[in-house]
Amino acid sequence: EPFVADEYIERLAWRTPGGGSRGGEAFDPKRLLEEFVNHIQELQVMDERIQRKVEKLEQQCQKEAKEFAKKVQELQKSNQVAFQHFQELDDRINYVATKVCHLGDQLEGVNTPRQRAVEAQKLMKYFNEFLDGELKSDVFTNSEKIKEAADIIQKLHLIAQELPFDSLMDFCCYPLSSPGKYHDLECQLIQEFTSAQRRGEISRMREVAAVLLHFKGYSHCVDVYIKQCQEGAFLRNDVFEDTAVLCQRVNKQVGDVFSNPETVLAKLIQNIFEVKLQSYVKDQLEEHRKSDAEQYLKNLYDLYTRTTNLSSKLMEFNLGTDKQTFLSKLIKSIFISYLENYIEVEIGYLKSRSAMILQRYYDSKNHQKRSIGTGGIQDLKERIRQRTNLPLGPSIDTHGETFLSQEVVVNLLQETKQAFERCHRLSDPSDLPKNAFRIFSMLVEFLCTEHIDYALETGLAGIPSSDSKNANLYFLDVVHQANTIFHLFDKQFNDHLMPLISSSPKLSECLQKKKDIIEQMEVKLDMGIDRQVEKTLNCMIGQMKHILAAEQKKTDFKPEDENNVLIQYTNACVKVCSYVRKQVEKIRNSMDGKNVDTVLMELGVRFHRLIYEHLQQYSYSCMGGMLAICDVAEYRKCAKDFKIVLVLQLFDTLHALCNLLVVAPDNLKQVCSGEQLANLDKNILHSFVQLRVDYRSARLARHFS
């Protein structure tokens, strides 16, 4: 424990008798002092003893340090001597190594010619056997030494090729001459390789392939390997999947057999593409090329897609440095004859298919499509129509048919979508924007011009005349369906065409073509809406006038028996309100946006004017005035369906005016100065008061004056 002086003194005092109050003993300072003095002396003696011990240890440490330093100096001297010896030894080793290398070079210079001479002697011996026509050496007679025999035959074959032509002719006359034996041995090695491959002996295949590597028949060995690999590999109907599985299996094996596996695998893939795939593609396409364009295009797209997908899988294998170009050339070699005129087939099919879809639709409607004029006369008609809003040409009874079909539009867009997909896959990148634009032009021609524009033209001609008895919102239905169709057209433009032309000059051309189509249709839509709305509103008001004239009776507002009126509102009011509610619903279903509010406001104002003028035609008794108020209240409730503030305000004011028909004469001035009637012209108020049957009474005239 750490030494603490205070605690040490306390313990010493506590142990000394009389040093504290322990056990009731009295404190004895003298005794405590004596104890302290004695203890101090003991500590001084202990200190002297420890000091002597420390001095002794210091002297011993200094002595040992001197001895250690002396020993280190001796070791350094020994190390220097050893280092010098090592340097001398290293110099000696370098000298000996130089001598040994020189000696080795001399020995190699002597031994290499000797080895060559020995090999030449052996070759001469073997060559002599060929000249004699008797092969006696074990290397030729022992089938297990075919590798050594192949090496010898290869060398003799090279020698035979260097002989003069005359000597070579003489040499080749021997039935067992070197060239003949060369061919026989080559065939024997290939046969051995074939047998080993059938047995699945990879090590033997690798050994024979290594021997054949120096023979001319090495490529034939590779061909045999490729041929046998494909035996039984294409048993299913899916040649693409079979190819992928075969290449995956061969890729694992070819590296264990051949020294150049990437070349062998590439040759296998080339053989499959040029034989199997090309034959399969030709069979699939030639069957429908001239007879069925739709099936031909579907097969072409499917086959090309599956071929490119197969190519992507084969990219995982080692096929050399530029495998992308290699596989692209193989694909191109298969499809080049089909892709050259692809877009012409596509456009021809799309044109005939679109025409058939439209014709089938018009046939289902028993409609003979009218020809829409073009050129100067049609342009003149359009200008006159735009400026005068007058119908040009005879009106057509369409029987409510808009000649716009969601099914037709979906079919046309689906065909075009598939055409865009095929175009993206099958077109050359440089021709892609141009081909996509041609497909887009077909869509514009058949969807926008032949279908939508024709329906608009027919719709303009089918707008009912002003004297029509029944309100017909026919053209508004055409507008509604045309808007829906054009939204679909615009969606396909953005989703399928834009990615194909976004980075090409064709983008601006397509946008301009789309803009022209939109502007052309908007002109016809606006023109038709204006004519349709005006004629429809006139027809609606005319129909309401007819109902009021037929159903409203003079006795409705001046009943014979004032005390026996049982109805809440007149029959004319009921029929008019029912008719108006139906027309409001039709307008809301046929139009959208601000057009609904604009048309309903105009209809509401005309509806109010009609009721106002209608009420001016009758005289009202007290009970008749109450019934008129009930009618106007019902008209006001009907006006709420318009959801137009102005229309509701007009009917509120009319309702307030009707109160003048029943109010007591003494209260007329008070009612006229009310909030709703205070701002009205006094003549209007007077005209309503004059409708009362009691207006002629002096009392009423006096109160109103």
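The side chains of Asp 302 and Arg 306 are joined by a salt bridge, with an N to O distance of 3.9 Å. In this predicted model, both residues belong to helix 11 (residues 293–314), where a spacing of four residues places them about one turn of the helix apart. Asp 302 is partly exposed, because its relative accessibility is 35%. Arg 306 likewise falls in the partly exposed class, with a relative accessible area of 25%.

The secondary structure of the chain consists of 25 helices and zero strands. The chain has 705 residues, of which 38% count as buried. Among contacts in the chain with a separation of 6 or more, 75% are accounted for by residues 24 or more positions apart. The accessible surface of the chain amounts to about 41,900 Å², and carbon and sulfur atoms contribute 52% of that area.

Salt bridges were searched for across the whole structure, and 24 were found. In general, side chains of opposite charge can pair when their charged atoms come close. One of the pairs links Glu 344 to Arg 438, with the closest N and O atoms 3.1 Å apart. This pair connects distant parts of the chain, since Glu 344 is in helix 13 (residues 342–364) and Arg 438 is in helix 16 (residues 432–461), 94 residues apart. Glu 344 is partly exposed at 46% relative accessibility, and Arg 438 is partly exposed at 29%.

A further salt bridge is formed between Glu 286 and Arg 289, whose closest N and O atoms are 3.2 Å apart. Glu 286 has a relative accessibility of 36% and therefore counts as partly exposed. Arg 289 is also partly exposed, its relative accessible area being 28%. Beyond these pairs, a network of salt bridges links Arg 581, Glu 634, Lys 637 and Asp 641.

With a relative accessible area of 39%, Glu 519 is partly exposed. A relative accessibility of 39% places Met 46 in the partly exposed class.

Most residues other than glycine have a negative phi. Asn 366, although not a glycine, has a positive phi of about 55 degrees. Asn 366 is situated in the loop between helix 13 and helix 14 (376–388), and counts as exposed because its relative accessibility is 74%. Lys 643, another residue other than glycine, has a positive phi near 55 degrees. Lys 643 is found in the loop between helix 21 (622–640) and helix 22 (645–658). The relative accessibility of Lys 643 is 68%, so this residue counts as exposed.

Note on methods
Residues are numbered from 1 along each chain as its sequence is written. This is a predicted model: local features need pLDDT of at least 70, side-chain atom pairs count only at pLDDT 80 or more; totals for chains, interfaces and linings use all residues. Side-chain values use heavy atoms; hydrogens and water are left out. A salt bridge is a side-chain nitrogen of Lys or Arg within 4 Å of a carboxyl oxygen of Asp or Glu. Buried means under 20% relative accessible area, exposed over 50%, partly exposed in between (1.4 Å probe, protein chains only). Helices (H or I, at least four residues) and strands (E, at least two) are DSSP runs, numbered from the N terminus. Contact means heavy atoms within 4.5 Å. Accessible areas come from the Shrake-Rupley method with a 1.4 Å probe; for residues, only the protein chains shown count as cover.
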